[in-house]
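Biologist: Please take a close look at the side-chain contacts in this model. I would like one connected account of them, with the cut-offs stated.

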Amino acid sequence: MAREQLSLYDTTLRDGAQTQGVDFSLEDKLLIAEQLDGLGLDYVEAGYPGANPTDTRLFGESRPMGAKLTAFGMTKRPGRSLSNDPGFQALLAAKADAICLVGKTWDFHVDVALGTTLEENLEAIKESVAAVVKSGREALLDCEHFFDGYKANPDYALACAKAAYETGARWVVLCDTNGGTLPEEVEAIVTEVVKHVPGDHVSIHVHNDTDNGVANSLAAVRAGARQIQGTLNGLGERCGNANLTSIIPTLMLKTDYAERYETRVTPEKLRTLTHASRILDEVLNRAPSRHAPYVGESAFAHKGGIHVSAVQKDPRTYEHVPPEAIGNVRRLLVSDQGGRSNIMAQLDRIGIAVPKDDPRVARLLEVVKEREAVGYAYEAAEASFEMLARRLLGNVPQFFDVDSFRVLVERRHNALGELVTVSEATVKARVDGNTVMSVGEGNGPVNALDMALRKDLGQYQRYIDDLELVDYKVRILTGGTDAVTRVLIESRDGEGRRWFTVGVSPNIVDASFEALLDSINYKLIRDGAPAP
Ligand SMILES: [Zn+2]
């Protein structure tokens with residue numbers, strides 16, 4: 001039997017960005033979009049052009065990828081013409097493949113929040129969708145508060161959905177904006193909606209306020225919806241959005257869904273899910289949830305003699321799906337098999353070939369464990385992992401040595417009598433048998449140190465001229481008085497390639513210095529700089 005196609009729509013970068021404490025930079029957004037695209041999602045909703053400078057820049061140039069890059073915005077304001085609505089015009093100007101418009105479908109909201117008539121709101125929906133279609137882009141209508149609206153006035157909510165579909169919207173998105181609807185209600189309401197709008201034009205977008213985000217999405221699919229919207233790791237305001245990190249493996253690994261539906265996520269891509277989930281956490285500077293279904297560190301961890309021995313005989317005794325399917329690993333407290341296959345997978349990803357039984361793999365695993373115990377995190381900092389692996393497995397040339405450095409931070413009055421804080425760093429290094437002293441100034445100690453370190457590296461200077469630090473994240477790992485600092489640095493070269501390195505120390509300058517050194521050495525190795 002041919003399987004039906006399900007479309008997957010990610011809104012981590014828009015809805016997820018509304019989470020308290022989340023503030024994506026443009027670089028963060030591009031990195032996450034790359035992960036989402038790599039997973040095989042159909043749509044990546046990346047932001048709200050015109051609403052903030054980051055999103056305006058993001059949509060200011062075309063960014064080709066496999067997924068449809070989608071811009072989000074409001075339907076036109078009631079009582080204004082389209083051409084006289086700057087917000088709407090900014091949206092139309094976005095370099096996007098699809099545009100998702102949010103419109104009101106709950107009569108109570110139309111009246112109270114919008115202060116307009118039901119007819120005028122319906123007209124605004126039609127005109128806005130038509131304008132997007134006319135611009136040659138795919139149109140989606142987010143029916144805000146659809147389920148609450150349907151309960152209050154089913155005819156009006158349906159009229160809005162039908163109007164969007166009939167005007168040419170590719171998807172009519174049924175939103176449970178307040179997140180309070182239960183699975184049986186979602187199933188019943190979607191069953192009614194698909195009598196008016198074909199299911200392959202109906203999308204579900206739910207929030208997780210009763211912890212039913214995943215269940216509600218699946219209920220909508222059973223009732224006929226053929227697109228699911230959600231976020232990576234369930235990121236989203238309040239209690240989060242429907243969690244795609246749980247929905248995707250459920251669709252692919254659970255027989256009832258796997259036999260009936262297919263998505264663009266291949267089994268091979270599914271194996272990158274755990275990695276994508278952890279990268280998002282590292283970009284957000286958060287500790288991953290150990291107990292996250294499918295991708296959490298504890299999702300396949302077995303403790304206790306009977307469980308462990310049963311799992312060793314046949315993993316199906318205590319595992320509902322094989323961890324490898326989502327790129328996670330089994331953790332048994334009696335063996336390091338899980339850790340070893342994890343390391344092998346990482347080595348494979350960065351292209352280092354080594355036999356599995358090579359004793360140096362066991363040594364590398366030991367070192368990684370020791371370092372992770374003191375605060376290193378290698379999931380995103382792959383360049384640091386690669387440097388560590390290369391040092392232990394082969395030989396990384398000692399391109400240069402840093403004998404010492406000194407950083408001064410001075411707060412004083414300048415010639416104009418203004419209070420300023422300046423940083424100055426001095427680095428003493430040995431390159432090509434010569435000792436060089438370099439001085440750098442910067443707006444902070446790390447910046448000054450970076451300036452000094454990269455000022456004169458002799459024959460290696462030309463390899464690092466195009467190196468640029470694009471992002472710098474600091475995380476204080478709790479531990480009371482012996483708290484340590486983890487620094488994650490993102491670097492970029494002239495060809496736009498990006499890599500991450502990590503440093504850990506009780507001292508923030510030391511941690512930064514370690515990450516800087518890894519970044520420079522990584523670039524020298526990758527670009528084939530000659531050994532001294
Ligand atoms: Zn939402």
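**Side-chain contacts**

Modeller: Arg371 sits over the face of Tyr376, 4.3 Å from the ring centre. Arg170 is placed over the face of Trp171 in turn, with 4.2 Å to the ring centre. The criterion is NZ of Lys or CZ of Arg within 6 Å of the ring centre and within 35 degrees of the ring normal. The model is predicted, with pLDDT of at least 70 required for local features and 80 or more for side-chain atom pairs, while totals for chains, interfaces and linings use all residues. Residues are numbered from 1 along each chain as its sequence is written, and side-chain values use heavy atoms, without hydrogens and water.

The whole structure holds 11 aromatic pairs (Phe, Tyr or six-membered Trp rings with centres within 6.5 Å; stacked under 30 degrees between planes, edge-to-face over 60, otherwise tilted). Phe146 and Phe147 make an edge-to-face pair, with 5.8 Å between centres and 90° between planes. Phe146 and Phe147 are both buried (under 20% relative accessible area with a 1.4 Å probe, protein chains only; exposed is over 50%, partly exposed in between). Together with Tyr150, Phe146 and Phe147 form one aromatic cluster. Tyr378 and Phe385 have ring centres 6.2 Å apart and planes at 65°, so this pair too is edge-to-face. Tyr378 is buried, as is Phe385.

At the zinc ion, the protein donors are Asp15 through OD, and His205 and His207 through NE2, at 2.0 to 2.1 Å (donors are N, O and S atoms within 2.8 Å of the metal, 3.2 Å for Na, K and Ca). Their spacing in sequence is D-x189-H-x1-H. Asp15 and His207 link distant parts of the chain, 192 residues apart: Asp15 belongs to the loop between strand S2 (7-10) and helix H1 (26-39), His207 to the loop between strand S8 (202-206) and helix H9 (213-223). Helices of at least four residues and strands of at least two are DSSP runs. Asp15 and His207 are both buried.

Asp15 also takes part in a salt bridge with Arg14, at 3.2 Å from N to O (side-chain nitrogen of Lys or Arg within 4 Å of a carboxyl oxygen of Asp or Glu). Asp15 has 4% relative accessibility, and Arg14 is buried as well, at 9%. The whole structure holds 40 salt bridges. Another of them joins Arg492 to Glu27, with closest N and O atoms 2.9 Å apart. Since Arg492 lies in strand S17 (residues 484-492) and Glu27 in helix H1, the pair ties together parts 465 residues apart in sequence. Arg492 is partly exposed at 22%, whereas Glu27 is buried at 15%.

Asp527 and Lys523 form a salt bridge of 2.6 Å, N to O. Asp527 is partly exposed, at 28%, while Lys523 is buried, at 2%. Shared partners join Asp466, Asp493, Glu495, Arg497, Lys523, Arg526 and Asp527 into one network of salt bridges.

The search finds zero disulfides (cysteine sulfur atoms within 2.5 Å). For Cys160, the closest cysteine sulfur is that of Cys143 at 6.8 Å, too far for a bond. Cys160 is buried, with 0% relative accessibility. Cys239 is likewise in no disulfide, its nearest cysteine sulfur being that of Cys175, 17 Å away. Cys239 is partly exposed, at 43%.
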